[in-house]
Amino acid sequence: MQGAVLITGATSGFGAASARCLARQGWPLILCGRRLERLQALADELSELTSVLPLQLDVRDAIAVRRAIDELPDPFSGIQVLVNNAGLALAPGPAQAVELSDLHTMIDTNITGLVNVTHAVLPKLIAWGSGATIINIGSTAAGNPYPGSHVYGASKAFVQQFSYNLRCDLQGTGVRVTDLAPGIAETEFSLVRNAGDSGAADKVYQGTVPLTADDVAAQVGYIAALPAHMNINRLEVVPVRQAWGPYAIHRD
Ligand code: NDP
Ligand code: 8X3
């Protein structure tokens with residue numbers, strides 16, 4: 001029997017693609033995000049494949065998150081898989097030049113929001129036991145510093161270490177935890193990061209072959225369906241065209 005999958009950030013990008021992938025695998029889906037119309041449209045699209053609950057939720061609101069999780073109706077109350085995907089980058093300039101409020105929004109969403117949802121869902125995952133899974137969407141930015149990554153990359157380093165630390169606490173419960181860390185992927189991510197400037201967003205992907213949302217969703221589907229005795233601690237996935245650069249040396 002498959003329990004429900006709760007996906008945060010299902011209105012776009014990896015989250016929406018993961019919903020489509022997991023629906024094809026027959027998982028009941030709880031689709032979360034702030035834009036209810038998009039959630040409703042996706043739920044309508046997938047309703048022939050599986051049962052879907054659209055759930056308008058801002059992950060930054062701990063009280064609303066707790067209430068929504070505690071009040072889930074059947075058949076969605078038994079959660080087997082949590083996909084902590086909601087997140088964003090803002091303010092691509094240097095840390096010393098950007099608005100403090102943008103830095104706070106990244107911390108509130110990528111760190112506090114992810115912790116809010118995890119803490120609310122953990123009792124259900126532990127109750128499910130063997131075969132339950134948390135998939136946290138991290139990033140190559142967690143361990144790969146670059147200009148303008150400041151709080152974004154640091155928030156993904158938190159996601160990586162939190163994932164590892166959770167594994168220690170969940171030892172013996174059967175609940176698995178994976179930090180799924182993609183590299184450059186074409187979604188609405190760059191449009192959000194560049195405050196709606198589509199020219200700047202398009203430039204990020206120009207002349208290269210980035211990952212697609214479906215590429216990342218396929219990894220989510222793979223991890224969710226692993227045999228219950230296996231745990232992938234971290235899965236870093238990048239396009240062939242993406243590799244590391246040298247240290248930047250400042251010279252006089
Ligand atoms: P998108 O911008 O396409 O999707 C982001 C999703 O996050 C949206 O569904 C959005 O929904 C949701 N979201 C943002 N803020 C909140 C909030 N406060 N509460 C609830 N949901 C929220 O980007 P991606 O699909 O690319 O990003 C998904 C994840 O992947 C993020 O964590 C991102 O950091 C990570 N990532 C992205 C990479 C890339 O190159 N694209 C690479 C590596 C990691 P809504 O606005 O409706 O609330
Ligand atoms: C998003 C990928 O390269 O913009 O996490 O940091 S990158």
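This is a predicted model: local features need pLDDT of at least 70, side-chain atom pairs count only at pLDDT 80 or more; totals for chains, interfaces and linings use all residues.
Local features were taken only at pLDDT of at least 70 and side-chain atom pairs only at pLDDT 80 or more, whereas totals for chains, interfaces and linings use all residues. Residues are numbered from 1 along each chain as its sequence is written, with chains lettered from A and ligands numbered from 1 in the order in which they are written.

The model contains an open sheet of seven strands in the order β3-β2-β1-β4-β5-β6-β9, and the pairing is parallel. Helices (H or I, at least four residues) and strands (E, at least two) are DSSP runs numbered from the N terminus, and two strands pair if DSSP finds at least two bridges between them. Strands of a sheet pair through backbone hydrogen bonds, either parallel or antiparallel. The edges are formed by β3 (52–56) and β9 (234–237), each of which pairs on one side only. From one strand to the next, the twist averages 15 degrees. Strands β5 (residues 133–137) and β6 (residues 176–182) run parallel and are joined by five bridges; threonine 133 stands opposite arginine 176 in β6.

Helix α4 lies across β1 (4–7), β4 (79–84) and β5, and runs at about 160 degrees to β4. Axes are lines fitted to C-alpha atoms, for helices over the stretch in contact, and angles run from 0 to 180 degrees between N-to-C directions. Helix α4 also packs against α5 (residues 150–169) at an angle of about 10 degrees, with the axes 9 Å apart. The contact involves Leu103, Met106, Ile107, Asn110, Ile111 and Leu114 of α4 and Val151, Tyr152, Ser155, Phe158 and Val159 of α5, where contact requires C-beta atoms, placed from the backbone, within 7 Å. These residues comprise nine nonpolar, two polar and no charged. Ala, Val, Leu, Ile, Met, Phe, Trp, Tyr, Cys and Pro count as nonpolar, Asp, Glu, Lys and Arg as charged, and the others, Gly among them, as polar.

Two backbone features fall in loops. The peptide bond from aspartate 74 to proline 75 is cis, with omega near 5 degrees, and proline 75 belongs to the loop between α3 (62–70) and β4. Alanine 91, although not a glycine, has a positive phi of about 55 degrees; alanine 91 is placed in the loop between β4 and α4.

Ligand 1 is surrounded by 30 residues, the closest being Gly9, Gly13, Arg34, Gly87 and Thr187. A residue is near a molecule or strand if its C-beta atom, placed from the backbone, lies within 6 Å of it. Helices α1 (13–24), α4 (100–128) and α6 (189–193) are the elements that give two or more residues to this shell, with the largest share, three residues, coming from α1. The shell around ligand 1 has 12 nonpolar, 13 polar and five charged residues. Around ligand 2 are Ser139, Thr140, Ala141, Ser149, Gly183 and Ile184, of which two are nonpolar, four polar and none charged.

Terms used
Two residues are in contact if their C-beta atoms, placed from the backbone, lie within 7 Å.
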